[in-house]
Amino acid sequence: MQRVCGVDFGTSNSTVAWHDGSQVRLLTLEDDKPTLPSVIFFNADLDEVAYGRAALTAYLDGYEGRLMRSMKSLLGTSMMEGHTEVQGRRLPYQQLLTQYMAELKRRAEGAAGQGFTHAVFGRPVHFVDDDAQADKIAEQSLQDIARAIGFQEVAFQFEPIAAALDYESRLSSEELVLVVDIGGGTADFSVIRLSPQGRAKIDRQDDILSNTGVHIGGTDFDKYLSLQHLMPLLGMGGRLSNGIEMPSANYFNLATWHTINLIYSQKVVREIQDICRDIADAELKYRCECLLHLIEDRDGHWLALKAEEAKIALSSAPQVQLALERLRSKTQRIPVELSIDQWQLQAALQSLFVQLNATIALALKQAAVLPDQIDTIFFTGGASGVRGLREDLATLLPRAKMVQGDVFGSIGAGLAWDAHRRFGCLLP
Ligand SMILES: Nc1ncnc2c1ncn2[C@@H]1O[C@H](COP(=O)(O)OP(=O)(O)OP(=O)(O)O)[C@@H](O)[C@H]1O
Ligand SMILES: [Mg+2]
């Protein structure tokens, strides 16, 4: 049996797949599901660590501790050198990532009934935009972590190419395909020639006509929605007595999945307490006190989950009602039920859509193909279903057929095909 697998470490969800000798399979990682949400929770009350859905549940149940989501967004940033704190204990971010990845491997091996020594890891086209050095560091960090958890051989494949390989495994004739992969952290677009004959080739450089990406994904949709509609409920945009606007940095950290924990530091809490004390306007003072209460209860991730919930609901419904039952000050609770509609979501995400459409245009330009030459648009990634994008693509590429891949599984499966081709034949 081979000891080879493909690992899709995602910003929001991770998968592991392997070729079991007859076919590629995604491995079961949690509760009969092939995904393990990329979440870790250090439960200080129970002195234990939880992963995936169980981590989110423990956090939402109100256990004291530290939750971390969107850890992949730390790769290539200076935060990788830093740490978060829980009950006086330092938890370096590097350790958080390593611990999560070790658990991912352990679960995959448990499901496969054997250990894995060789892996192809997925990587976005850019971990970090417009900074080749930081991008290199990000890949190196992932490589180091992969070694630390026991992989002897590690290769990398671009996530959209992996998605293309998954689609190619089902093709019976040649197609020119635009792969659209919009995940939690990044959006990647590749133009690639796929065919049944191509499956056997290891080097696909001639078939990859372009490979572009931008660091925008579903977690940014949550962030922009939150900044527009949730953060003002906590005072963002309000004017202090001296006419100056409430400092915005804390709101940005609170609206960004991987920086939420920064707001829990003593220094930040003292800073916000000082601001609250000096506010004269009763409404703004209440909002500022709600912010303090939210920090005290460590409800930052709860609020981010509310933004995500609204975004997902608006993929299929024209309007959503959000119950924000945890928003309150220490002494007062004014129930908040927020209504957000399609139009408001699109308006909040407008600037991100401009960047996504520009990146798609670049993918086509770099490939030097005319719009009517593209046969197929292949969609994968949880955020690829966001309203508006498909309509734009249908106008841009009117002749192309749209194929929906496995939203959460195509990349893992494609990585396993790649791993099978690269390493499979080398091993007993
Ligand atoms: N129905 C939906 N509509 C819009 N967004 C959705 C929907 N379902 C899930 N998402 C979003 O998709 C994202 C997760 O997608 P996915 O699991 O493909 O990302 P990932 O692979 O972990 O991230 P990346 O590849 O960028 O590292 C999240 O932001 C989630 O909120
Ligand atoms: Mg992904």
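Which element gives the largest share of the shell around ligand 1? Helix H9 does, with three residues. Helices and strands here are DSSP runs, H or I over at least four residues for helices and E over at least two for strands, numbered from the N terminus.

Before going further, a word on the source. This is a predicted model, in which local features need pLDDT of at least 70 and side-chain atom pairs count only at pLDDT 80 or more, while totals for chains, interfaces and linings use all residues. Residues are numbered from 1 along each chain as its sequence is written, and chains are lettered from A and ligands numbered from 1 in the order in which they are written.

Ligand 1 is surrounded by 23 residues, where a residue counts as near if its C-beta atom, placed from the backbone, lies within 6 Å of the molecule. The closest are Gly 10, Thr 11, Gly 183, Gly 218 and Gly 382. Two or more residues of this shell come from each of helix H5 (218–230) and helix H9 (300–313). By type, the shell holds four nonpolar, 15 polar and four charged residues. In this scheme Ala, Val, Leu, Ile, Met, Phe, Trp, Tyr, Cys and Pro count as nonpolar, Asp, Glu, Lys and Arg as charged, and the others, Gly among them, as polar.

Where does ligand 1 lie relative to the domains? Domain 1 (4–172 + 406–426) and domain 2 (219–346) both give residues to the shell, so ligand 1 lies between them. These bounds come from an automatic or database domain assignment.

The centres of the two domains, taken over C-alpha atoms, are separated by 30 Å. Across the boundary, 12 residues of domain 1 are in contact with six residues of domain 2, contact being C-beta atoms, placed from the backbone, within 7 Å. On the side of domain 1 that touches domain 2, helix H1 (52–60) and strand S7 (65–69) are the elements that give two or more residues. The largest share of that side, three residues, belongs to S7. Sorted by type, that side has five nonpolar, five polar and two charged residues.

Five of its five residues are buried, so S1 is largely enclosed by the rest of the structure. A residue is buried if 20 or more other C-beta atoms lie within 10 Å of its own, exposed if 12 or fewer, and partly exposed in between, with C-beta atoms placed from the backbone. In a regular strand the side chains alternate between the two faces of the sheet. Both faces of S1 are covered, with Val 4, Gly 6 and Asp 8 buried on one side and Cys 5 and Val 7 buried on the other.

Strands pair if DSSP finds at least two bridges between them.

| Pair | Sense | Bridges | Residues opposite each other |
|---|---|---|---|
| S1 and S10 (residues 118–123) | parallel | four bridges | Cys 5 and Ala 119 |
| S1 and S2 (residues 13–19) | antiparallel | three bridges | Asp 8 and Thr 15 |
| S13 (residues 187–194) and S14 | antiparallel | six bridges | Ser 190 and Asn 211 |

S1 and S2 are joined by a hairpin through four residues.

## A five-stranded sheet

The last pair in the table belongs to an open sheet of five strands with mixed pairing, in the order S14-S13-S12-S17-S18. Strand S14 (208–214) and strand S18 (401–404) are the edges, each pairing on one side only.

Ser 384 sits in the loop between strand S17 (376–380) and helix H11 (389–396). With 21 other C-beta atoms within 10 Å, Ser 384 is buried. Beyond its neighbours within four places in sequence, Ser 384 is in contact with Val 180, Asp 181, Ile 182 and Phe 379. The C-alpha atoms of Ser 384 and Gly 218 are separated by 8.6 Å, although the two residues are 166 residues apart along the chain.

Is Asp 31 buried or exposed? Asp 31 counts as exposed because it has 10 C-beta neighbours inside 10 Å. Its place is in the loop between strand S3 (24–26) and strand S4 (36–37), and its phi is near 50 degrees, a positive value in a residue other than glycine.

Ser 70, in the loop between S7 and strand S8 (83–86), also has a positive phi, near 65 degrees. Ser 70 counts as buried, with 23 C-beta neighbours inside 10 Å.

Notes:
Two residues are in contact if their C-beta atoms, placed from the backbone, lie within 7 Å.
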